[in-house]
Amino acid sequence: MEEHLIPEDELIKARVEKLEKMKSLGKDPFALEKYKRSAAVKSNDGNEKCVEPYSADVIAAYEENEPKEGEEAKAKVEVSLAGRVVSLRLMGKAAFVHIQDRKGRVQVYFKRDDLGDDYELVKLLDLGDFIGVTGYMFRTRTGEVSVHAGSITVLTKSIRPIPFGKEKGDQHWYGLQDVEQRYRQRHIDLITNAESRDTFIKRTMILRAIRDFYDSRGYLEVETPVLQAVAGGAAARPFLTYHNALEHEFHLRISLELYLKRLIIGGLEKVYEIGRVFRNEGLSTRHNPEFTLLESYEAYANLEDMMSLFEELFNYISKTLYGGPKIPYQGQTIDFTAPWTRMPILEGIEKYSGIKPDAFDSLASALAAMEKLGLPTEGEHVVGGIIEKIYERFVEPHLIQPTFVTDFPLETSPLAKKVPGNDKFVRRFDLYIGGKEIAQANSELNDPIDQKERFVAQAAMRAEGDEDTQPTDDDFVRAMEYGMPPNGGLGFGIDRLVMLFTDQDAIRDVILFPQMKPEK
């Protein structure tokens, strides 16, 4: 009977019985602390060349030294490998097992005549066990490069069965069908799903590329507080916690911005931070309450410098992962070749909704524009909020190729400089790729008097019922009063960036352990 048709309790019982048999043979699979892996190409002339002791490396080494038909072998690839058993075929006096390591999988051929009494261990193996094998590489009659095992060491017995998928030729059936279980038990997803493993390996590569990029440009990586008296820098509801020793309530940070700007004031001219932030908001395919944010600030730089920085950074990441400026994303090709499109927000609204810019000259005319487009107007108190809602509904889905949308309303952007000659709009852009917001940047406001007035205006909007406002941070204003140089700043969610570069449509697929409702 196939394993998936047998109750799990019975499978566990059978595996524990095998474990006891192994112990009775003097081969306790939990006794070893260490297993030495090695691989080397040993030539007939006595020369020896070490190889990385992983599946992909030893297969490549064998193929490189494999004799052509009719030729004698000039070298032998001897190995000591370790990995998890992911397939198992027992055939009486011989067995074929695939073991999986961090670089792939390799087949191992066991023969009773070679192993002697230890062949009993092969018969007691289950999918999921960890084993170590020594032997040499060869090609089987069916053409698969494999390890001819001379010894076996069981390194761990898997007590609980793993839902491995099935394979036939190039076809693969994923064994973990329960999507929620993938997120709750990511370790099983990683064991059984090569695509998932690849996504998280790429996430690490992306983070490394980002750090390389910033470090090579003279930025200083810093760390700022997670516990904050005032959670500012964004419009989001924070998590609250309590510090017993200080007898004070704190917020978990929702942004990195205001503390990084304090460092610009302090003379650290180019800083960046990659850190966790926390927003007490809903879950969706694009939102997780705990996520990773990158923000950077550069003194004496402006909005156009931030555009150039993005163009260079994304091209650098794309080249690192894909070797060029184009990547696949949700059935489309994204081209990062600079320069990217620049488009003022009102120009975009007119282009995709037909509403002309003068419709936003007053609150009454802006509300009329919303009604004309069939959008609800309840709770709308400021023109800026109306502009952003129309923009999100009618413009965003069209922005597939990288696009900087500029000149956002002042009411929704309290930390950016005003557009010269137009006090209703600010020097901010949002970056859109694949029809989704990826990042945001400002020519940062450095006038403390204006900043104070903006915080007061935000408080007034909140008093009228607008929750998408930022709290007043008097300590930050006081820091600005010591003098902040003009500077450009940007921020983007690492998780959404990874979604883009790994062609994923759900944020839970790029966070190793996404937030879930506790199991009952």
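Analyst: On a 1 Å grid over the protein atoms alone, a cavity is a set of points where a 1.4 Å probe fits but cannot get out, and lining residues have an atom within 4 Å of a point. Points are joined across faces, edges and corners, and a volume is the space filled by probe spheres set on them. The model is predicted, so local features need pLDDT of at least 70 and side-chain atom pairs 80 or more, while totals for chains, interfaces and linings use all residues. Residues are numbered from 1 along each chain as its sequence is written, and side-chain values use heavy atoms, without hydrogens and water.

User: What volume does the largest cavity have?

Analyst: The search of the whole structure finds one cavity of 30 Å³ or more. Its volume is about 40 Å³.

User: Which helix supplies the largest share of the lining of the largest cavity?

Analyst: Helices (H or I, at least four residues) and strands (E, at least two) are DSSP runs, numbered from the N terminus. Strand 22 (436-443) and helix 15 (494-502) each supply at least two lining residues. The largest share, three residues, comes from helix 15.

User: Tyr109 and Phe138 form which kind of aromatic pair?

Analyst: Rings of Phe, Tyr and Trp (its six-membered ring) pair if their centres lie within 6.5 Å; planes under 30 degrees apart are stacked, over 60 edge-to-face and the rest tilted. The search finds 20 aromatic pairs. For Tyr109 and Phe138, the centres are 6.0 Å apart with 50° between the planes, and the pair is tilted.

Notes: 1 Å grid on protein atoms, 1.4 Å probe; cavity = no way out; pocket = protein on both sides within 12 Å on 5 of 7 lines; lining within 4 Å.
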